[in-house]
Amino acid sequence: MRLEQDIRVINKLGLHTRAAAKLVKLCSRFDSSIEISNSKRRADAKSILSIMMLAACQGTELKMVIEGEDATEAIRQITELFESRFEEQE
Amino acid sequence: MFTLHGTGVGFGIAIGTARLIRRPGQEVPEYSILSEQVDQEIQRLTNGIHSAAECLSAYYEDIREESADEVHAILDAHLLMLRDPVLLEQSALIIRERLVNAEFALQLHCENLQAVFRGIDDPYMRSKSDEISQVIGRIQDELLGQHAGQSSLKGIRKGEIIVTHDLMPADTIEYRKYHVGAFLTSLGGPISHTAILARSMQIPAIVGLHEGIRYLKTGDTLVIDGKRGVVLVEPDDAALDIYEKRAAKIRRVTRELEAIKYKPARTLDGQTIELNANIEFAEELRQSLECNASGIGLYRTESLYMNRKEFPDEAEQLDVYSTLLNATDRPVTIRTLDLGADKQVDGGRRNMSLATNPALGRRAIRLCLHDLTLFKPQLRALYRASIHGDLRIMVPMISNQAELDQLFIVLDEIRDELAHEKLPFKSRIPIGGMIEVPAAAVTADIFAKRLDFLSIGTNDLIQYTLAIDRIDDEVNYLYDPLHPAVLRLVKSVIDAGQNAGIPISMCGEMAGDIECTRILLALGLREFSMDSAVISEVKQRVRETHIGEIEPMVRDLLTTNESNPYRDLIRQINR
């Protein structure tokens, strides 16, 4: 199964180190391949260095491409993490 | 034997052996390898990454229980980076293509990553590139450790003196663990991370040694005098003997002071004195509480604004102030922005003109009232944070009533705005003024009627009163906190407060100077605020003072007209 979805960074500090770490930990739990990209770069969502290179600050629009058996569940949980502002206050 | 000089921070004297620590950004060895060595070098790289990860993860396990969530989050992220296959792949590719050693390949890879970060607009995000160089530095340390037997953090022995380029926030977590004896760094100033760490570990440090550290090597015997900022390298027996005796004395005094930490600050004639702490960073709160400060008498907010391009917005400040207030139920006095003069900011901020004489220029409250876009976010953040604790707001550098008029109008506006936006805040926060301009000291009675408290800022008050720039070597011998003019001004402020029935405190360096403690007590001062490290010392002095007995001598002091009897009198008071 191949799913695509746009997602927006809403937490204040953006995809900084700690938020990236949370995202990578979550993505690594899934068998599906997960790719996140901005207008310039594509990143393997299981590699923290690649995710940090996206340098996605608040308001950035990202695109997710997820391919694999558990893609639906992955999309759901990743969206939830973004929407929870990576469990940060703002 | 030779000596090096820098800025002394932290406390006391340390004697120990030097341990040089290489840090990211410093040079790593660079050499070519043969194409048949490539696989072997990549294996070396793989091992290096692996052992760096092992080492960090073992350390993480070690401190997990006792450290904060914040620390876990950083270490978590660093471990993920070390285990990120991209790191190995990219660096291995550099080894293969350029036929260079693993350390240098990592360096090149690190620089590539840094280049990407430098292109980022967001300053917060950009600052995160340091974390990558730290992680890569760990691997390089591992590799060098295997390679030449050089130091990595894990071999540090208790009491060793760390010699390095600069300390980073993440290092501070580790060094606590090792009970090092002192820090020497080429970079850094009195408010650098090194300085804060040294203060909180209660060890000496000398920062800003610049090229000086090149003359040091691992294993050198060093004497560090944190108070004077001097390093003795390979001291002779006579010097060593002197310093060992001094160090022993300091240890003895420290033990004595430790013993009075939880005793009340009460004079022999039964007056209870409030001893508050001055802090520069919210992280220093814990240390202040450990020193049993009655509260925070001065939180300087400038550090929030310095060393960055963009100024902190309301939300960021709200977060900092709320965290601070939530952490204690003791009173916390936060001073509004005191930029200008010796505290210039980096950022390309408009209106930050370089005046010919910045100390007399548009600074502190003048700057804030001139630029409300700078001032209002801070005041809004303070009002919003006020619900989390016992907050008082203090305004620096006020010199006339018009400034107070304007301030009160702005505060009214802010309360209206917040009420309108339905944001919670305390409407009645004590507002105080810092008395540091002689004009304000002379008219303190007028200020005292309009404000809830006053705090005497002696550093500026003395320099303005005596017309002395303290950092000017040619005149700083004239800097004298006990000049009768200064004492009379201090007295008139204290009297004004007593007449108006509002509290008067003192938050300049004079408040933490035990040579002045008794005199200030006799002048009627009952609230002091100082660096938390000197609270116990001042408390000891308070506990040995009978105010009634010294009052007549201090009265004489204000009218003595010759310099020699004046000094004698001070000696007598302090006996």
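Predicted model: local features only at pLDDT ≥ 70, side-chain atom pairs only at ≥ 80, totals over all residues.

Biologist: Which elements make up chain A, and in what order do they run?

Modeller: Chain A has 3 helices and 4 strands. Read from the N terminus, their order is β-α-β-β-α-β-α. As for burial, 42% of the 90 residues of chain A count as buried.

Biologist: How many residues of chain B are in contact with chain A?

Modeller: One reads an interface from each side in turn. Here 20 residues of chain B are in contact with 18 residues of chain A. On the side of chain B, the elements that give two or more residues are the helices H2 (69-82), H3, H4 (102-118), H5 (123-127) and H11 (314-326). H2(B) gives the most, with 5 residues.

Biologist: What is the make-up, by class, of the side of chain B that touches chain A?

Modeller: That side has 14 nonpolar and 6 charged residues, and no polar ones.

Biologist: At what angle do helices H1 and H3 of chain B pack?

Modeller: H1(B), residues 38-63, and H3(B), residues 85-98, pack at an angle of about 150°, and their axes are 10 Å apart. Angles over 145 degrees count as roughly antiparallel, so H1(B) is roughly antiparallel to H3(B). The crossing of H1(B) with H3(B) is right-handed.

Biologist: Which residues make the contact between these two helices?

Modeller: H1(B) contributes Val38(B), Glu41(B), Ile42(B), Leu45(B), Thr46(B) and Ile49(B). From H3(B) come Leu87(B), Leu88(B), Ser91(B), Ala92(B), Ile95(B) and Arg96(B). By class, this contact has 8 nonpolar, 2 polar and 2 charged residues.

Biologist: Where in chain B is the pLDDT below 50?

Modeller: Chain B averages a pLDDT of 87, and 91% of its residues score at least 70. The pLDDT is below 50 over residues 146-151 of chain B, a stretch with 6 contacts in the model beyond near neighbours in sequence. Residues 346-352 of chain B also have a pLDDT below 50, and that stretch has 14 such contacts.

Biologist: What ipTM and pTM does the model score?

Modeller: The ipTM is 0.92 and the pTM is 0.60.

Conventions: Residues numbered from 1 in each chain as written. Chains lettered and ligands numbered in written order. Axes fitted to C-alpha atoms, helices over the stretch in contact; angles between N-to-C directions. Parallel < 35°, antiparallel > 145°, perpendicular 65-115°, else oblique. Left-handed = near helix turned anticlockwise from the far one by under 90°. Contact = placed C-beta atoms within 7 Å. Nonpolar A, V, L, I, M, F, W, Y, C, P; charged D, E, K, R; others polar. pLDDT = per-residue confidence, 0-100. Buried ≥ 20, exposed ≤ 12 C-beta atoms within 10 Å, placed from the backbone.
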